[in-house]
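Please examine the assembly shown below, beginning with the relation between its protein copies.

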Number of protein chains: 2
Amino acid sequence: MEGNGFTDCANPQADFLKEILNREGFRLTSQRQKILALFSGDPLAHHLSAEEIHQRLADQGEKISISTVYRALHVMVNLGLLQELELAEDRKYYELLGPIMDQHHHLVCVHCGEVTEFEDPRITAVSDRETQAWGFTRLNAQFTVYGICPHCQGHLVAP
Amino acid sequence: MEGNGFTDCANPQADFLKEILNREGFRLTSQRQKILALFSGDPLAHHLSAEEIHQRLADQGEKISISTVYRALHVMVNLGLLQELELAEDRKYYELLGPIMDQHHHLVCVHCGEVTEFEDPRITAVSDRETQAWGFTRLNAQFTVYGICPHCQGHLVAP
DNA sequence: GGGGTTAGCGAAAATGATTTTCAATAGCTG
DNA sequence: CAGCTATTGAAAATCATTTTCGCTAACCCC
């Protein structure tokens, strides 16, 4: 009954999303807004999996189906709003892909799962060079380094 | 009844594998030898998925259970003999990780799936720099660039 | 501003890669 | 060679992700 906060008053965030969606024949739904809001709202929520998104929404009282979460994530990846990451072994993670935000990469501890981000212009340089050299249209690049973090190096027992 | 060709006469390939396996408490089995032989035997078989390995073995008359293939791949990844790659969306691929072979990376066409390899010392330099900067022990690094290959750029219809 | 069209939703079932279970077998070490 | 235990095969189990289907809600047009 009560409003969801998106219905009428001008919301620049929503307008932006709506335009991007409608341009490609997609519709602006409250579910998509809430999912995207999770990323832009919480700076600590850099990397989220579908299940984590579903859980966080449930925690804040939003009952959104897990299939809807997956569908929304795919749409946003295709629109270039999110990027899909292969951080853990089994599930995929997603992060906001701002047009401003420069390409950044990941250092993952295979022991505790901690993820650290870093940037280096050389990475972008190499991906540009290679895509051009082979005549590819570049869509995306992922650089992930796996290792053991300083903290976990103390606990080196057999897994 | 007839031999498998590995039973007795000195096989440097097998001895090498046996030593590596035994050093960590693993055993040399004919299944593991055959799986590893697929990689070193066929230079065209750069990137293989578990299912492809199972199929190739079946084609050459070797009946090895798919679960054994998965188990062998994990062991070899842990021993540093193989590297796990995230090339396609759904399955994992594996490739030989020679101590000689320098780190190389992948350029993937998201349309046709073609995989091209390239090398660039800057990538290794960056991963070394970052792991050291954060105090990590470096295990592995993967750099994958996604794009559309020249051939597929002609077929740009909506998916 | 309402009505028709159709994208999108939820719930549950389906899929498909990978993992585990368990009894039988085969490496390795003494 | 014997004993211990890692490994295998086959089938069942997992588990993330996708699909199906009837219903709802966005968007477009008048």
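Chain B can be laid on chain A with an RMSD of 0.2 Å by a turn of 179° and a shift of 0.0 Å along the axis, the superposition being by least squares on the C-alpha atoms of residues with pLDDT of at least 70 in both copies. The two copies are thus related as by a two-fold rotation axis. In chain B, the C-alpha nearest the axis belongs to B:F143 and is 2.2 Å from it. This is a predicted model, in which local features need pLDDT of at least 70 and side-chain atom pairs count only at pLDDT 80 or more, while totals for chains, interfaces and linings use all residues. Residues are numbered from 1 along each chain as its sequence is written, and chains are lettered from A and ligands numbered from 1 in the order in which they are written.

Between the protein chains, 30 residues of chain B are in contact with 30 residues of chain A, where contact means that the C-beta atoms, placed from the backbone, lie within 7 Å. On chain B, strand 5 (115-118), helix 5 (121-133) and strand 6 (137-148) each supply at least two residues of the side that touches chain A; helices (H or I, at least four residues) and strands (E, at least two) are DSSP runs numbered from the N terminus. Strand 6 of chain B gives the largest share of that side, 12 residues. By class, the side of chain B that touches chain A has 15 nonpolar, 10 polar and 5 charged residues. Here Ala, Val, Leu, Ile, Met, Phe, Trp, Tyr, Cys and Pro count as nonpolar, Asp, Glu, Lys and Arg as charged, and the others, Gly among them, as polar. Because 100% of the interface residues of chain B are also interface residues in chain A, the copies meet through the same surface.

The strands of the two chains form an open sheet of 6 strands with the order 5(A)-4(A)-6(A)-6(B)-4(B)-5(B) and mixed pairing; two strands pair if DSSP finds at least two bridges between them. Strand 5 (115-118) of chain A and strand 5 of chain B stand at the edges, each with a single partner strand, so one side of each is left without a neighbour in the sheet. Strand 6 of chain A and strand 6 of chain B run antiparallel and are joined by 11 bridges, and A:T144 has B:Q142 as its bridge partner. Within chain B, 4 bridges join strand 4 (residues 105-109) to strand 5, also in an antiparallel arrangement; there B:L107 is partnered by B:T116.

Chain A is divided into domain 1 (1-98) and domain 2 (102-159), with bounds from an automatic or database domain assignment. Their contact takes 6 residues from domain 1 of chain A and 7 residues from domain 2 of chain A.

DNA strand C is surrounded by 27 residues, the closest being A:F26, A:S65, A:T68, B:L28 and B:S67; a residue is near a strand if its C-beta atom, placed from the backbone, lies within 6 Å of it. Helix 2 (30-41) and helix 4 (66-78) of chain A, with helix 1 (12-23) and helix 4 (66-78) of chain B, each supply at least two residues of this surface. Around DNA strand D there are 26 residues, of which A:L28, A:S67, B:F26, B:S65 and B:T68 come nearest. Helix 4 of chain B contributes the largest share of the surface near DNA strand D, 4 residues.

Technical notes
Two residues are in contact if their C-beta atoms, placed from the backbone, lie within 7 Å.
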